Structure formats: structure tokens, C-alpha cells
Amino acid sequence: KRLAALLSEEKVKHAAIIIQSNLRRTVAKARFLRMQRGAVIVQVMWRMYKRRLYYTIARGCIIRIQSVTRGFLSKKRRTARQLAVLKIQSFSRINMAKSQLERLREENIKFIALSCCAIRIQSFFR
């Protein structure tokens, strides 16, 4: 009976050790999985932060490039418009000057004709 009791007691101890080791293993595994999930969350958050930072920087650069490009194109259009206005003004002034020159020539011709007539009339009376 003693031998049977000792064997039975050994079996109980052995069973207790196995239960304890299984419990420790389960607790350690749960702790490990919790830590692993935490590490994954930290990695996800870090990647998200880096992507958001990259997006913000890239967006700022894109906005700056667009701003500079729009300014350049606006200046180019304004310069082209000013050049067109100057050409129109130049042609207008040229036409005005030509018409004024023509009018002055006609007046000069009339004046010369009248002077010639006046000189002839004066020459008859002398």
C-alpha cells in the first residue's frame, strides 16, 4: 500500500508539475502575444506617422511649385498683354502722325499756293 501510495503521490506531484508548467506556458504565451500585438501597433503607428509626415512635406512642395508656376505664367501673360498694348498704341500713334503730316502738307501746299497768288498780285501792282 505504501508503494501504491508513493506511486500515487508521485503521479499527483507529476500531474501538478505538468499543470503548473502548462499554466505558466499559457500565461507566458498570452503575455508574449500581448507584447507582440503592442509591438505591431507601435510599428503601424510609426509607419502612419512617417507617411503623414511625408505627405505633408510633399503637399507643401507641390503647393509651392504650383504657386511659382502660376506666378510665372501670370507674369508671362501680363508681359504679352503689355507688349500687345504697346504695339496697338504704336500703330495708333503712327497713323495719327501720318494723318497730321498729310494735313500739314496740304495746309503747306495751300499756303504756298496762296503765297504765289499773293506774290503775283503784288507783282502786277508794282
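This is a predicted model: local features need pLDDT of at least 70, side-chain atom pairs count only at pLDDT 80 or more; totals for chains, interfaces and linings use all residues.
Local features were considered at pLDDT of at least 70 and side-chain atom pairs at pLDDT 80 or more, whereas totals for chains, interfaces and linings use all residues. Residues are numbered from 1 along each chain as its sequence is written, and side-chain values use heavy atoms, without hydrogens and water.

Helix α1 comprises residues 2–124, helices being DSSP runs of H or I with at least four residues, numbered from the N terminus. Q100 is placed in this helix and is partly exposed, at 42% relative accessibility (partly exposed lies between buried, under 20% relative accessible area, and exposed, over 50%; 1.4 Å probe, protein chains only). The C-alpha atoms of Q100 and K11, 89 residues apart along the chain, are separated by 131 Å.

The structure contains 1 salt bridge, defined as a side-chain nitrogen of Lys or Arg within 4 Å of a carboxyl oxygen of Asp or Glu. It joins the side chains of E107 and R103, with an N to O distance of 3.3 Å. These two residues are 4 residues apart in helix α1 and thus separated by about one helical turn. E107 is partly exposed, with a relative accessible area of 43%, and R103 is partly exposed at 42%.

Two surface patches are described, built from residues with over 30% relative accessible area and no salt bridge, with like charges joined within 9 Å and nonpolar side chains (Val, Leu, Ile, Met, Phe, Trp, Tyr) within 5 Å. K75, R77, R78 and R81 form a patch of positive charge; R77 belongs to helix α1. W46, Y49, L53 and I57 make a nonpolar patch of about 440 Å², the area coming from the Shrake-Rupley method with a 1.4 Å probe. I57 likewise lies in helix α1.

Terms used
Lys and Arg count as positive and Asp and Glu as negative; His and the chain ends are not counted. The place of a charge is taken as NZ of Lys, CZ of Arg, CG of Asp or CD of Glu.
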